[in-house]
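Work through the exercises below with the model open. Try each task before you read its solution.

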Amino acid sequence: MRNASSHLRAIPDVLLRNRNFVLLWSAYAVSSMGDHLSEMAILATQHALDADVKVTAMYARMTFLFFLPFLLFAPIAGWLADQLPRRGLMIFADLSRCAIVFFLAQLIHWMEPWGSWGPFLPLLFVGIFAAVFSPARSALLPTIIHPNQLVRANGLLGGVGIIATMAASIIGGYLAQQKHIELAFRLDAATFVASALLLAFLRPPKAVPHLHETPSERSSLSDLLAGFRYAWIHRHVIELILVAALVWGCAGVVNSVIPAIVRDVYDGTYQSIGVYRALVGAGFIGGALVMVTIGQAARSEVAMEWSLLFGGIGAAVFAASVFLPFEPATLAWIGAVGIIAASLGAAATMASFNALLQRTVADRFRGRVFGVKDVSTVVALLLGTGLLGIPNWRDVDRWVGWILVGVAMLLFAAGVAGMWIRLRRSPLGPGWQLAENLNEFICKFYWRLERLGRPTVPRTGAAIVTSNHVTAGDPMLLCAAAPYRPLSFILAAEYANWPIVGFFVRKLECIPVRRDGADSSGMRQALRHLRAGRAIGVFTEGGIPEPDELRRPRDGVAMMALKTGAPVIPAFISGTKWRREVIPSLLARHRAKVRFGKPVDLSEFGGADATREQIRAASARIFEAIWELAPEEDRLRRERMIQEAAKKSLHEIDHSTEGSSNDEQP
């Protein structure tokens, strides 16, 4: 455990300063280019743009053969990724692919007599070693970065992989159009050599022995099935894998129909097909950038649901380009928008999926579970491409528009179903959970909220959360910092009449009170909430003080805690900017931080029978507990303000005394 902790401390906070990550990132980019550089050249060897060629079926066969090994060998590859050095496996896979694609032209020529599938059979062997590379890379990544960097790391990997794919599609399309077939294959081989060289300089940490596995268990081939057992007994893992399978299956279908649409609807060439394949990459870059920008602001499961919805809309736009009665140039632009949007949704979905799976699965099973994921996604992809490529469909190219409509409906339905299931399962209820997700996103993305330390708000039972008060958005920040527990805030009565705010005040059962404190009904309602086991939020200063203003804490928090026995959870909010008006305060950008403290011990103050002096002393104890959580600069600033106020008070007393003495002189 000490080795693991020291390793985490040694990881740079910024991903691009992490040497190991940069090497893995670069190697993946180069090998991704290699996986796609030869596609257009292979199509050109088969004269795919001739009018009598069923290009949809041809491209589907290429995809089918490349990914078939992921189904057949992914479990073994995942097991190997948990047994052998992951970096070494990736280098071996790169060099093996290099040898195959270097002689790809000769292999295609030898296998052409084997029927319509023969010219594409070499891709089967390339796919075998790609299947070895994939789980090793996914399992290696969490060992070289901090867990908090997983979403951004997967976004960056997805983005750079697609940039490489875009470059490969454009370069490959150009070389195919110019008939430079051999050059395309030689250049492809060089990419795998470059990837292997980059990986050779990577220095992953030493593996930590798994305490619950004996050497015989780790070397037993029967342990190969552990990934399937792990996935089967973890419902969340199964659901994630089903989402990934759906995305891959739909992606395989969309990828297969692009050549036919470009040829028959947009009047395109090989180079045009390469450009549209590159647009798929542009969408993936957009998805990666979205995930890198969002980072931890959106929960991965929420981001995945919205990404599925967006991907379905994109597929619908792409389908519309087939049916609309416009000129080919106009349809080409509509199709480009649809491809980019659909690919953006797919990339964001997979980045969220990878982060969730890497965060959920224990390290000793991670390679095998990613192998299971590869099996499942490839089964879906093979089903989609196999249905297009294996049967001898008559005029399959004419049905591509309706095929895209079906893809759009599947993706959109999956997004809606995932959102509905998650909201229904939430212990907070669908409405509150939806509002909580939105609030958490706003606070983490726009106000850059960071919670320092663990939340101490109890999950059940009565509780009073109290903190300092700087901005109008402080209630939102506290809710986002402890999203598992609904808080009903005591707030100024006028907010309950605001058009939008008033709706949430009523929905969240907040407690409106008058600012002058003369509102016993608010106190009675708060006590009812606490006795019913609810959690309430209170700002003990009674409002937002100005930056140079010192306020004595009000006694309401202490009184409620002593009367009900509810624990008082102190919190401190820092990093926010003070604004006098509510709207400017909500629109200001912050770097907000929230720290929760331990429950305040009020046992010495008399409970429900406390005197006024005891209540006031308890209020002071609570207020000090809040300020003990403040950053040092905030505490020092408050101490200076107290000292200055004390000096000012003494100065006023001296002047008053001096004036009284002068009045007594004759």
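## Helix packing exercises

H12 passes H14 in a left-handed crossing. The model is a predicted one.

**Exercise 1.** Find how H12 and H14 are oriented to each other.

Solution. Start with the ranges: H12 covers residues 235-264 and H14 covers residues 300-323. Next, take the angle, which is about 20 degrees. Angles under 35 degrees count as roughly parallel. H12 and H14 are therefore roughly parallel to each other. Their axes lie 12 Å apart.

**Exercise 2.** Which residues of H12 meet H14, and of what class are the residues in the contact?

Solution. List the H12 side: Leu240, Val243, Val247, Val254, Ile258 and Ile261. They meet Met304, Leu308, Phe318 and Val322 in H14. Then sort by class: the contact of H12 with H14 has 10 nonpolar, no polar and no charged residues.

**Exercise 3.** Where does H12 bend, and how far does H12 reach?

Solution. Go to valine 257, where H12 bends by about 30 degrees. Within four residues comes a proline, proline 259. Now take the span: the 30 residues of H12 reach 44 Å from first C-alpha to last. That is close to the 44 Å expected at 1.5 Å a residue.

**Exercise 4.** Describe how H2 packs with H9.

Solution. Locate H2 at residues 19-36 and H9 at residues 181-200. Their axes come within 8 Å and cross at roughly 165 degrees. That makes H2 roughly antiparallel to H9. H2 passes H9 in a left-handed crossing. The contact includes Leu23 and Asp35 of H2, and Asp188 and Phe192 of H9. By class, it has 9 nonpolar, 5 polar and 2 charged residues.

Methods. Residues numbered from 1 in each chain as written. Predicted model: local features only at pLDDT ≥ 70, side-chain atom pairs only at ≥ 80, totals over all residues. Heavy atoms only, no water. Axes fitted to C-alpha atoms, helices over the stretch in contact; angles between N-to-C directions. Helix = DSSP H or I, 4+ residues; strand = E, 2+ residues; numbered from the N terminus. Parallel < 35°, antiparallel > 145°, perpendicular 65-115°, else oblique. Left-handed = near helix turned anticlockwise from the far one by under 90°. Contact = heavy atoms within 4.5 Å. Nonpolar A, V, L, I, M, F, W, Y, C, P; charged D, E, K, R; others polar. Expected span 1.5 Å × (residues − 1). Bend = angle between axes of the 7 residues up to and from the residue.
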